[in-house]
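Please look through the sequence and the model shown here.

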Amino acid sequence: AVAVTVSSLGQEASHRFALPTSGSGGAVKQENFVLSTSGTDQVKGVMTLQGDALCQADVNLKMPRNNQLLHFAFREDKQWKLQQIQDARNHVNQAIYLLMNRDENYQFKTGLEVLKLMDAVMLQLSRARNRLTTPATLTLPEIASSGLTKMFTPALPPDILVNFYINLNKLCLTVYQLHVMQPNTTKNFKPAGGSVLHNPGAMFEFGSQRYEVSHVHKVECVVPWLNDALVFFTVSLQLCQQLKDKISVFSSYWNYRPY
């Protein structure tokens, strides 16, 4: 019964990712999201999300030095795949496969067999949840060399970097403004390591040039179906753990031998 319930929850989570399944035929709907943050209007954006792909992005950036307004958008022939969503759904589908890959009349023979199944399922569900709750840590050179930088028209200026990622139930856009470090600068050069979000003052080398982050702007929006998926993951993991706890209790009674 737990296997059926958790499998149903997993299927609900998988469906929330709005990806077409084999044979479904229907196109995945597009959803528009406005990215913003309180207290600043330096960056504004409208993103169009279609399943696991950002199919449109429209970003306005106000440069702090001269209040110049920059506008850039995805090229019409480009989409940006959000690997976190792809990976999360793959892990959920693997959990469903583990739960349902047996005859419907199959009878489990031992508690240990059930424990092993629950452990395997929980591993996949935890990985799915972690892909949404733990964005990848990237170095600034990795962001600079990302294919994302080539998605826009007009092309991004060399002193601008952007990064999209999922954090919990939010779609996030980070914009980094850079300034070139002069070769004769007295400032010690310390390249920054990997991070989800780099702070002003972070330095890096790309090509033959050294840069320092001067301004960082982060805007985000809530994606409701990501929140739904996270709830399904949490409930499913709780059900699996409760079953494991019951088996452990009964096993301790079974193994108890009074004198």
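What follows treats a pair of helices, then a residue in a strand, then the cysteines.

The model is predicted, so local features need pLDDT of at least 70 and side-chain atom pairs count only at pLDDT 80 or more, while totals for chains, interfaces and linings use all residues. Residues are numbered from 1 along each chain as its sequence is written, and side-chain values use heavy atoms, with hydrogens and water left out.

Helices (H or I, at least four residues) and strands (E, at least two) are DSSP runs, numbered from the N terminus. The axes of helix 1 (residues 2-16) and helix 2 (residues 83-100) come within 9 Å and cross at roughly 155°. An axis is a line fitted to C-alpha atoms, for helices over the stretch in contact, and angles run from 0 to 180 degrees between N-to-C directions. Helix 1 and helix 2 are therefore roughly antiparallel, a term for angles over 145 degrees. Contact (heavy atoms within 4.5 Å) is made by residues including Ala-3, Val-6 and Gly-10 of helix 1 and Val-92, Ile-96 and Leu-99 of helix 2.

Glu-212 is part of strand 10 (residues 209-222). Its relative accessibility is 8%, so Glu-212 counts as buried; buried means under 20% relative accessible area, with a 1.4 Å probe and protein chains only. Among the residues in contact with Glu-212, leaving aside neighbours within four places in sequence, are His-179, Lys-187 and Met-203.

How many disulfides does a search of the whole structure find? It finds 0 disulfides, a disulfide being a pair of cysteine sulfur atoms within 2.5 Å. For Cys-172, the nearest cysteine sulfur is that of Cys-221, 8.0 Å away. Cys-172 is buried, with a relative accessible area of 0%, and Cys-240 also counts as buried at 0% relative accessibility.

Notes: Parallel < 35°, antiparallel > 145°, perpendicular 65-115°, else oblique. Buried < 20%, exposed > 50% of the residue type's maximum accessible area, 1.4 Å probe, protein only.
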